[in-house]
Structure formats: C-alpha cells, structure tokens
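Work through the exercises below with the sequence and the structure side by side. Each one gives a task, followed by a solution in steps.

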Amino acid sequence: MEFKTALFYVFAAIMVLASTRVITARNPVHAALFLVLAFFNAAGIWMLLEAEFLAIVLVLVYVGAVMVLFLFVVMMLDIDTDKLRENFWGYLPVASFVGVIIVLEMAAVLWRSFLSFDQQAVNAGNIGGTKELGILIYTKYIYGFEIAAAILLVAIIAAVALTLRKRKDTKHFDPADAVRVKRNDRLKIVKIDPVTTRGAAETEVKEAP
C-alpha cells in the first residue's frame, strides 16, 4: 500500500467518525468542534487530490469563518438542548428512511460513474491552482463574488442581532439615550437638613435606669 493511499484511509476514517459524533454528541459545542475536525480531514483529502485551493477554502471559509460564527451563536444563545431532543426517537424512523434513500441515490450515481469511467490523459496542470481561479473570480464572476460577500455580512449581522435580544440575566440600554444624556441627568444635588444622633443617644442613656 502506498503512503498516499494509507493517508487517504486515515483521513477518511477520522472524517467518518467525526461526522458520526456531530449527530450523536449531546453538547452542541462538542458537535461543532467535531464538525471542525471533519472539515480538516476533508481538506486533507483535497490536498491528496492536489486540489490545494479547495482545501484552503474549506479551512479558511468553513472552519475559520462559518464554524467560528456558529460556535459564537451556540455559546451566546440560551438553547435548551434537552427540550430539542425530546422527540428524537419519534422522528428517527422517518429520518432513517430519508437517509437510506439519499445513500442509495448517491451510490447509484457513483456506481454508474465508476462503471463508465474511462481513464484518459488530461491536462491537470492547472487544476487546483489559485492563479486561474483568482482570474476567473475577480473578472468574470466578480458580481457573484461580491453578492456572496454581502450575503455573508448580512448573516453575521443577523447572528449578532440574535444575541442582543432582551433577557432576564442581561442589562439592556438604548445607545441613543446614552448619547442624549445631559449633565443634570447624571447628577442631582438634593438639600437635606442635618440630623444629629449624638444628642438623642445621650438622652436615651440618661433616661435609662
């Protein structure tokens, strides 16, 4: 067995185990961390296929941006995981049926492609390179690239806005009211008549038997 093939089996086995833990872990933060591990192993498989750009994009975009945002949302939101898992076994038969159908469809497509696979020499010198993809992205697909960036920005703002809802354990204030506040609103001087307790204490001592 070649070293490349052994690495592929190692990455594939770890990715399958991590993917299984994503759907079986009880803690959502642990599930997100296992998903990060699955992404890293998928990037390793892309590197073995000499698709460096796809591997880098998978790590930078999904692990570095999407998963970090997901972790922030999971940790900031007060999610009741026990309540979400109440009807887990009730939905399991339907989910298993749908999963089996998807696996059979993917197996049929892949099996047909493997049977009709004809090994021919292709010019693979530019596959996975960043220069050619960069030229296409920033010339032909520049508008789609900018629209995707705007959508991601809106998603980040929406995720942050979800954490700013009113909760009992957090203090909420209006920034506009804080800007409009004046000096007299912060400090108020109140005149109080002086009260001495020394004379009253001496009177009580004298009256005591």
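A nonpolar core is a set of buried Ala, Val, Leu, Ile, Met, Phe, Trp, Tyr and Cys residues joined through side-chain atoms within 4.5 Å. The model used here is predicted.

**Exercise 1. The chain as a whole**

Describe the secondary structure of the protein chain, and state what share of the residues is buried.

Solution. 
- Step 1. The protein chain has ten helices and zero strands. Read from the N terminus, the order of elements is α-α-α-α-α-α-α-α-α-α.
- Step 2. The chain holds 209 residues, and 11% of them are buried.
- Step 3. The accessible surface of the chain is about 18000 Å², and carbon and sulfur atoms account for 68% of that surface.
- Step 4. Take the contacts with a separation of 6 or more: 63% of them join residues 24 or more positions apart.

**Exercise 2. The largest nonpolar core**

List the residues of the largest nonpolar core, and find which elements give two or more residues to this core.

Solution. 
- Step 1. Ten residues form the largest nonpolar core: A32, V36, F39, A42, A43, A55, L58, V63, M67 and L71.
- Step 2. Helix 2 and helix 3 are the elements that each supply two or more residues to this core.
- Step 3. Begin with M67, which is placed in helix 3. Its relative accessibility is 4%, and because buried means under 20%, M67 counts as buried.
- Step 4. Beyond its neighbours within four places in sequence, M67 is in contact with A32, L35, V36, F39 and Y62.
- Step 5. Turn to F39. With neighbours within four places in sequence left out, F39 is in contact with L58, Y62, V63 and M67.
- Step 6. Finish with L71, also placed in helix 3. L71 counts as buried at 15% relative accessibility. Its contacts, apart from neighbours within four places in sequence, are V29, A32 and L33. L71 and P28 lie 43 residues apart in sequence, and their C-alpha atoms are 8.6 Å apart.

**Exercise 3. The largest pocket**

Give the volume of the largest pocket, then describe the residues of its lining.

Solution. 
- Step 1. Rolling a probe the size of a water molecule over the atoms shows where empty space is left.
- Step 2. The volume of the largest pocket is about 550 Å³.
- Step 3. The pocket is lined by 18 residues, and V57, V61, F145, A148 and L152 are the closest to its centre.
- Step 4. Two or more lining residues come from each of helix 3 (52–76), helix 6 (130–137) and helix 7 (142–162). Helix 3 gives the most, with seven residues.
- Step 5. Sorted by type, the lining has 16 nonpolar residues, two polar and no charged.

Technical notes
Residues are numbered from 1 along each chain as its sequence is written. This is a predicted model: local features need pLDDT of at least 70, side-chain atom pairs count only at pLDDT 80 or more; totals for chains, interfaces and linings use all residues. Side-chain values use heavy atoms; hydrogens and water are left out. On a 1 Å grid over the protein atoms alone, a cavity is a set of points where a 1.4 Å probe fits but cannot get out, and a pocket is an open set with protein on both sides within 12 Å along at least five of seven lines; lining residues have an atom within 4 Å of a point. Grid points are joined across faces, edges and corners, and a volume is the space filled by probe spheres set on the points. Helices (H or I, at least four residues) and strands (E, at least two) are DSSP runs, numbered from the N terminus. Ala, Val, Leu, Ile, Met, Phe, Trp, Tyr, Cys and Pro count as nonpolar, Asp, Glu, Lys and Arg as charged, and the others, Gly among them, as polar. Buried means under 20% relative accessible area, exposed over 50%, partly exposed in between (1.4 Å probe, protein chains only). Contact means heavy atoms within 4.5 Å. Accessible areas come from the Shrake-Rupley method with a 1.4 Å probe; for residues, only the protein chains shown count as cover.
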